[in-house]
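Dear colleague,

I am handing over the structure below, and after it you will find what came out of looking through it. Please keep it open while you read.

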Amino acid sequence: MINTHSAGHRRGVAAAPHFAAAETGRLILAEGGNALEAMVAMAASIAAVYPHMTHIGGDGFWLIREPNGSVRALMAPGPAGAKATVALYREAGHDAIPARGPLAALTVPGAIGGWMLALEAAKAFGGKMPLDVLLAPAITQARDGYVVSRSQHALTRDKLAEMGEASGFAQTFLADGKVPEQGAVMKQTALSATLDHLANAGLDDFYRGDVGREIAADLERIGSPVTRADLERYRAYVAEPLSVPLQIGTLYNAPPPTQGLASLIILALFERLRVAKAESFDFVHGLVESTKRAFRVRDRVVTDPARIAEPLDRYLAAGFLDAEAMKIDRKKAARWPAPYGEGDTIWMGAADASGLVVSYIQSIYWEFGSGCVLPRTGVLMQNRGASFSLEKGALNALQPGRLPFHTLNPALAELKDGRVMAYGTMGGDGQPQTQAMIFSRHVMFRQSLPEAIEAPRWLLGRTWGSTHTNLRMESRFDGNLIDRLMSAGHDVAVLEEAFSDTMGHAGAVVLHPDGTMEGAHDPRADPGAFGV
């Protein structure tokens, strides 16, 4: 059952872009699981019921706020495979890495490595739920069938022509060779069998066991650059999150290779503008101009963390942020465009009564990722490696073993009033922008959580299938505001939709000082927010 908001819970809360995944989280919390265990169950479930947005062939990033107040990041990005060389693509006649097909499936799937770290961390907070219990809902959903959502129907229809070289796509995501209708029941039987095997053999089997062997065999058969040895070497890892202090609290986000740095800079700059009113010209203009400055920093420095020579703290220091804020013209739009990123992803959040709060994002990059479904395991492979460049000297140049740039970035805030807020969204370059809108509306301007998420949004930058780099705005914005933005030099395009998927599917969970919890997710999705 779709439910966008749920509040007043004492034992736990879960929010997801699909109601079945959120209900899975609620069930685990109700059975005594903690927020980390609930999130692993949700991560498996969302792959079973929302496969166009995420799958177990993708990557994932976690921010965990522990009951003692410390925050850490679990990083599960997959590196480029051993055979992913520039020469491979040049010899195949490519000037850029293709977005679909076997050569787009060039990075190791890291998400399940992240699940492994999360479950290990869960033990420190009383986690005792057996893996087969956590994976049972997803196994059933994939085996017995899930209902095709509006967005899966639309994206299958719109992207089908791109899937020509994507092995296994038609067999898995088409119904008798045709685009499935909204409301149709589809199954992922191979995925169900894989999850069932992992439930008994353990998640490590995905990389170093029978499942890993089958994944590698299928990847070799279709011509992917990822090898068995790449899978066997893979390990997710723990990292210190990036953080920045604001007047209202401390914001956290994931470090590189994610764009978490940009998300923090946007809100730090915006706070310095001292905007008085939400939904005003100053509000929209201020956030858009803060985004431009943050993206310029991101595009200059964010890459594989092993290749970053300078400490990123300098970009979050008060002196740097003060100087950047002073460069924002309060009346006039700065020149644009800059490079962009795109992607389909999911964000989910969970919290429990111990004070454990989880912000999690899992992705296959574009909708349906590479489009390649491995027949022996049902794994849909991501195309995150398409963000690499084949140009020598590029910031994110392709090289075997290198981590690609990630638009993914889970957000979390510890507020001075005692609240803890985990929040995030899908949407490529839109992620930092949507995060800023939701956080500023809810925390700075005191809109309710569902109001902040439902409110009209914008996106600066290109959208899929478009060469335009303008400021896209949902149709619910006031016409006078749009006129003022255009007069200030913003290249505005008003979308037809009042609630557009282009603006991402966002959500948040909040732990209040009195111990109650609330969660909300986006009406632009097929959302669920449930608690116990």
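The buried residues of H17 are covered by, among others, helix H13 (281-301), strand E17 (471-473) and strand E18 (492-494), where helices (H or I, at least four residues) and strands (E, at least two) are DSSP runs numbered from the N terminus. This is a predicted model, in which local features need pLDDT of at least 70 and side-chain atom pairs count only at pLDDT 80 or more, while totals for chains, interfaces and linings use all residues. Residues are numbered from 1 along each chain as its sequence is written, and side-chain values use heavy atoms, with hydrogens and water left out.

In H17 (residues 479-487), Leu481, Ile482 and Leu485 are buried, a word that stands for under 20% relative accessible area, with exposed meaning over 50% and partly exposed in between (1.4 Å probe, protein chains only). Seen down the axis of H17, these buried residues fall within an arc of 100°, so they line one face of the helix; the arc is that of the directions from the helix axis to the C-beta atoms. The face turned away from the buried side carries the exposed residues Asn480 and Ser487. Just after H17, glycine 489 takes a positive phi of about 105°.

The whole structure holds 14 aromatic pairs, meaning rings of Phe, Tyr and Trp (its six-membered ring) with centres within 6.5 Å, called stacked if the planes are under 30 degrees apart, edge-to-face if over 60 and tilted for the rest. The rings of tyrosine 207 and tyrosine 234 have centres 5.3 Å apart and planes at 35°, so this pair is tilted.

Best wishes

Conventions. Contact = heavy atoms within 4.5 Å.
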